[in-house]
Amino acid sequence: MPEGTAKNMAAGDAQDLTDGFHLIIDALKLNGLATIYGVPGIPITDFGRMAQAAGIRVLSFRHEQNAGYAAAIAGYLTKKPGICLTVSAPGFLNGLTALAHATTNCFPMILMSGSSEREIVDLQQGDYEEMDQLAIAKTMCKAAYRVLHAQDIGIAVARAIPGGVYLDLPAKLFGQVMNAEAGRKSLVKVVDAAPAQIPAPSSVKRALDVLKSAKRPLIVLGKGAAYAQADDAIRAFVERTGAPFLPMSMAKGLLPDTHPQCAGAARSTVLKDSDVVMMIGARLNWLLSHGKGKNWGDAPKKFIQVDIEPKEMDSNVEIVAPVVGDIGSCVQAFLDAMGGKWAPSPAEWTNAVRAKREENVAKMAPRLMNNNIPMDYHGALGVLRTIIQERPDTILVNEGANTLDLARGVIDIYKPRKRLDVGTWGIMGIGMGQAIAATVETGHPVLAVEGDSAFGFSGMEVETICRYGLPVCVVVFNNNGIYRGTDVNTANADPATTVFVTGARYDKMMEAFGGVGVNATSPDDLRRAVNAALESRKPTLINAVIDPAAGSESGRIGNLNPQSALKKKQA
Ligand code: TZD
Ligand code: MG
């Protein structure tokens with residue numbers, strides 16, 4: 001065969017071939033999954049490069065856990081699975097924490113990890129980063145799949161798309177070659193990963209009958225309701241009932257916190273005194289004291305629960321009216337069944353709740369305007385509260401203990417899905433990952449309000465923020481430690497377990513990578529610096545110096561610390 005022909009044939013062959021690398025990319029693109037959060041390394045470095053070259057946005061992080069938290073919140077914000085890409089064994093484990101967190105929070109996320117040689121792993125012969133990742137992942141998410149053949153990539157990606165899924169991609173898969181046309185045909189476009197789930201009409205009627213019978217109704221909105229993106233219907237429903245509503249932390253803003261029916265500032269009153277509680281996309285877990293105990297008072301209470309997950313019904317207390325379906329369909333069904341003539345909640349109740357709320361807000365107001373130096377939480381948060389009021393499209397990311405619990409109460413949110421935080425687990429470390437994904441996915445600037453301990457879990461990602469030039473303003477509430485900066489170890493020369501280096505300058509970290517760093521010692525400093533950051537959209541870190549004695553142990557959940565029976569006896 002003449003040389004030229006052979007060359008042409010080889011070129012022709014190559015055009016007719018595809019491989020694992022490209023099939024994964026094509027499968028993601030076909031399904032509109034256009035962003036990957038990850039950390040490169042063997043065996044996925046080239047995959048990341050090729051994905052980038054093919055038009056997928058590939059954001060490289062400094063640690064997989066942060067990339068994973070980014071993917072998790074991307075899933076929450078977009079209703080499409082966020083993709084996290086990692087190397088094998090340690091990279092996989094780092095990402096797995098985030099997948100477990102996403103699954104617990106019901107955020108759709110796919111963790112895709114490269115893995116080592118199956119034959120060597122299964123015989124435990126000591127491969128590079130050897131680990132049976134599939135077996136480990138299975139216990140932490142909804143499903144875990146391994147893809148051994150290039151022709152299965154299409155179906156595997158499709159199966160992963162509902163999320164809470166681990167996809168195991170052995171190194172050998174990437175280089176597997178197959179006919180390009182057959183490869184194209186093997187891809188699967190997911191038509192509808194979450195079709196509407198219409199609630200049974202009888203369950204809708206039962207729920208409305210119970211709600212109608214209420215003298216003191218309460219609606220609790222959870223982040224499931226925010227996830228549903230049924231914002232108009234939810235608002236219309238809540239307004240038609242006239243009932244006070246209590247937003248869980250990430251449901252704040254679904255209706256503005258300043259809405260006349262909002263009972264956020266009268267939480268203990270509405271939990272205790274309500275007689276019918278309608279939970280919408282909120283679970284009766286520890287965050288709501290499991291629906292019982294002293295926070296809920298002694299009066300008999302009827303629970304209505306609206307959730308897509310049947311397992312949530314009767315999880316902690318009896319649900320007298322379970323409604324199973326997607327939140328959008330359920331709320332629409334309520335609206336349709338209520339008609340225009342729904343009697344609003346009894347005025348005696350709504351007035352009592354409003355009075356309590358106004359009393360609490362008035363009590364808080366002067367504390368939020370204080371100009372103490374060093375700042376206390378309230379002085380600093382009063383400033384941030386005003387800034388979010390003026391810039392309601394800003395996405396607030398929030399973690400810490402006091403920094404979390406106080407910011408949740410103080411900073412009003414005005415629009416849906418504008419507050420992101422530690423979620424179901426109360427996990428530290430979500431800060432920078434969430435901040436990055438929030439702005440990447442929405443284009444809105446981010447204000448990340450971080451305890452100094454909380455920030456430390458993901459702080460290195462300020463380099464990532466600078467590298468991609470993202471409009472993220474981080475405010476570190478620096479009280480020199482976990483809860484407080486005042487603990488003393490009397491046993492030896494080591495510092496106490498909850499304190500950090502006194503007077504640390506976190507702002508210098510941002511400066512190290514070309515961002516703006518500010519040391520703020522007064523509310524005025526803080527106001528100026530945050531406004532400048534949100535205006536300029538420059539990566540900024542403000543070290544907000546907080547009185548080390550201002551916080552309390554474990555913020556608002558100190559009651560969860562175990563107490564020794566022995567200690568009590570001795571006391
Ligand atoms: N590790 C992980 C992953 N999650 C956690 N929630 C904790 C540890 C325990 N923890 C909390 O629950 S809050 C917190 C830790 C370490 C930090 C609190 O300190 P901070 O906030 O500086 O972030 P404040 O304002 O000083 O209270
Ligand atoms: Mg602290």
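Me: Let's start with α18: how many of its 9 residues are buried?

Reply: Buried means under 20% relative accessible area, exposed over 50%, and partly exposed in between, with a 1.4 Å probe and protein chains only. Helices (H or I, at least four residues) and strands (E, at least two) are DSSP runs numbered from the N terminus. In α18, 7 of the 9 residues are buried, so the helix is mostly covered. Among them are Asn402, Thr403, Asp405 and Val410. Do keep in mind that this is a predicted model, where local features need pLDDT of at least 70, side-chain atom pairs count only at pLDDT 80 or more, and totals for chains, interfaces and linings use all residues. Residues are numbered from 1 along each chain as written, chains are lettered from A and ligands numbered from 1 in the order written, and side-chain values use heavy atoms, without hydrogens and water.

Me: What covers the buried residues of α18?

Reply: Look for contacts, meaning heavy atoms within 4.5 Å. The cover includes the helices α16 (347-368) and α17 (377-390), and strands such as β14 (395-399) and β16 (446-451).

Me: Which residues are the closest to ligand 1?

Reply: A residue is near a molecule if one of its heavy atoms lies within 4 Å of it. Of the 17 residues around ligand 1, Tyr377, Asn402, Thr403, Gly426 and Asp452 are the closest. α20 gives the largest share of this shell, with 3 residues.

Me: Which residues coordinate the magnesium ion (ligand 2)?

Reply: Donors are N, O and S atoms within 2.8 Å of the metal (3.2 Å for Na, K and Ca); water is not among the atoms, so sites may look incomplete. Asp452 (OD), Asn479 (OD1) and Gly481 (O) coordinate the magnesium ion at 2.0 to 2.1 Å. Along the chain, these donors follow the spacing D-x26-N-x1-G. Asn479 and Gly481 are both buried.
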